Amino acid sequence: MTTTPTPITVAKPPSLQQWLERLDNLRQLPLLPDTPTAVLTAINRPNSTAETVAQVIRRDPVLCMHLFDSANRIVSKTGNEIKHLPHLISLLGLPNVAQQVRAAPALKPDSHNPGYIEALTQSQLCAEITAQLWPLKGLAANEGFFPALLLMTPLWALWHSAPDLMQQRQGLLANPALSSAEVDNLTLGLPLQELSNALIQHWALPHQCHSVWHFDAPLTRKALAAIHHQQLPRFIQQHPQQETALQSVDWLLLCCQLAASQGCRNWFSRRSRRSQSALATLLHQPQDKVDHLIHQAAHRCAWLSPQQLHPAARLLMAWDETQQQACYCLQPEAAEQPSTPATTDTETPTPSHNNNLVLLKANLERLSERGGSFANLNQLLGVLVNTLNEGVGLEQVMLLTLNRNRDKLQSHFSTGIDVDSPLRSLRIALTPNTQKGIMGKLLKQQSGLLVNQENRQAALKALPPELVPHLPNSDFALMSLFHRDNPIGLTLVASPNFNQTDYRHLKRCCQAASKAIQDFALQQSRSRKSA
């Protein structure tokens, strides 16, 4: 597949009120194609029971949702909530269940909405994971079935009602130049969490679903990162008000859902490993035990569609969704184009350089979350250079690192620079004058500088004289690398038509590399202690 993002035009998204009107009726969500025949056959068998019928019904998350909605409206009047599928079937009665199955819409065998099936698959995997892990918390295996299965109902509804829009959202999310908040505002008109919270208020879903969707999303990501890097006590010290929430069953359910969704995308990605390590920490269990139970859950999942890989098959194949996922960028709007025909002397702007967004995303993920896996620091820095050169598409990349005495910067890695260029053997003494200039500021804290035609003269005066004669005539940028509060070195990059987007990519790469250096140092320290 091509690694260059495909330009698309995104239509104006519906308003919140329009979304509510469009998605209010969950009964419009269709069952899987084989569900009606399978369930009716199970009901009509001699000596069929609620237990035997439940084994068939649980293979279709949407039918479970339809039946939960009917049964829960009955018991909610007494302040109770349905917990178990066989109990639900007994409460409604087999004739009522059969009637609802016949009345429900069903997907046609030749219908094509893989996003809808994928959302159901992730929900089913989440339910199976909770069934495996809940006993470790002292809870009944089936107690979390409905909350886990129905937690992502908003995504089911969105994929069914607006599959093209959700496909655009997924492709834009694959573009590292766009944040998830930007993509949600472009495609949905508001953050997914805000839309989901509004929708759930209209639906008769388990109370636990309401609680989970109200968790603070940025704080959740920080907590997961803290758990993954064994810094949970420090996180709780910084956010003491979150300690109770982190010990709750609601938060455990959220981690199960993240493990399911990330596992379906790539079982071995840093996000997947992060959610699995969070579960092991919260359950106070060995990581290998939790991993084994999660893998068992994957094998227990039903195969919802032969056109898509089973979760267990993805695990065995080390399947990576990013290799299949289309990547989109925004098509410039027509309003931004000239209102009159361009003259023959005007050329259409072309990209300043080629990039590889798949490589960029993969390397950013590796640097951000798997710094401890590098064999040595040179390998880590080599990945950074490769990311900037091949991923971002910058022509010239050079790393300057501090020597052991920390009184000189010297060339360490470079690409795109002539073999005989003095830059390859450059050494910059960190004298008091140098410390007062740009270099000193960059080495005080992680920061950067974009040098263009507007600030070039002032910047050159504040840079070391050893460096200035060898700088490119084009725009360039400098960005520092740190290990915690200690400077490691500087990154110098240049390319024709270097722009703000390139600078943002540079910033993300250097931040990820600094994170990787910290993780690498931590892993080396642990290895020395264990030895």
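User: Which residues form the aromatic cluster?
Analyst: In this predicted model, Phe68, Phe145 and Phe146 form one aromatic cluster. A search of the whole structure finds 2 aromatic pairs.

User: What makes Phe68 and Phe146 a tilted pair?
Analyst: Their ring centres lie 4.9 Å apart, with 40° between the planes. Centres within 6.5 Å make a pair. Stacked needs planes under 30 degrees apart and edge-to-face needs over 60, so an angle between those limits counts as tilted.

User: Where in the chain do the two partners sit?
Analyst: Phe68 belongs to helix α4 (residues 61-75) and Phe146 to helix α8 (residues 145-150). They are 78 residues apart, so the pair links distant parts of the chain.

User: Why does Phe146 count as buried?
Analyst: Its relative accessibility is 0%. The cut-off is under 20%, so Phe146 is buried. Phe68 also has 0% and therefore counts as buried.

User: Why is the pair of Phe145 and Phe146 called edge-to-face?
Analyst: The planes stand at 75° and the centres are 5.1 Å apart. Edge-to-face takes over 60 degrees, so the term applies. Phe145 is buried, as is Phe146.

User: How do you know that α2 is roughly antiparallel to α3?
Analyst: Helix α2 (residues 35-44) and helix α3 (residues 50-57) pack at about 170°, their axes 9 Å apart. Angles over 145 degrees count as roughly antiparallel, so α2 and α3 qualify.

User: Which residues make that contact?
Analyst: From α2 come Ala38, Val39, Ala42 and Ile43; from α3, Val53, Val56 and Ile57. The contact has 7 nonpolar residues, no polar and no charged.

Technical notes. Residues numbered from 1 in each chain as written. Predicted model: local features only at pLDDT ≥ 70, side-chain atom pairs only at ≥ 80, totals over all residues. Heavy atoms only, no water. Phe/Tyr/Trp six-rings, centres within 6.5 Å; stacked < 30°, edge-to-face > 60°. Helix = DSSP H or I, 4+ residues; strand = E, 2+ residues; numbered from the N terminus. Buried < 20%, exposed > 50% of the residue type's maximum accessible area, 1.4 Å probe, protein only. Axes fitted to C-alpha atoms, helices over the stretch in contact; angles between N-to-C directions. Parallel < 35°, antiparallel > 145°, perpendicular 65-115°, else oblique. Contact = heavy atoms within 4.5 Å. Nonpolar A, V, L, I, M, F, W, Y, C, P; charged D, E, K, R; others polar.
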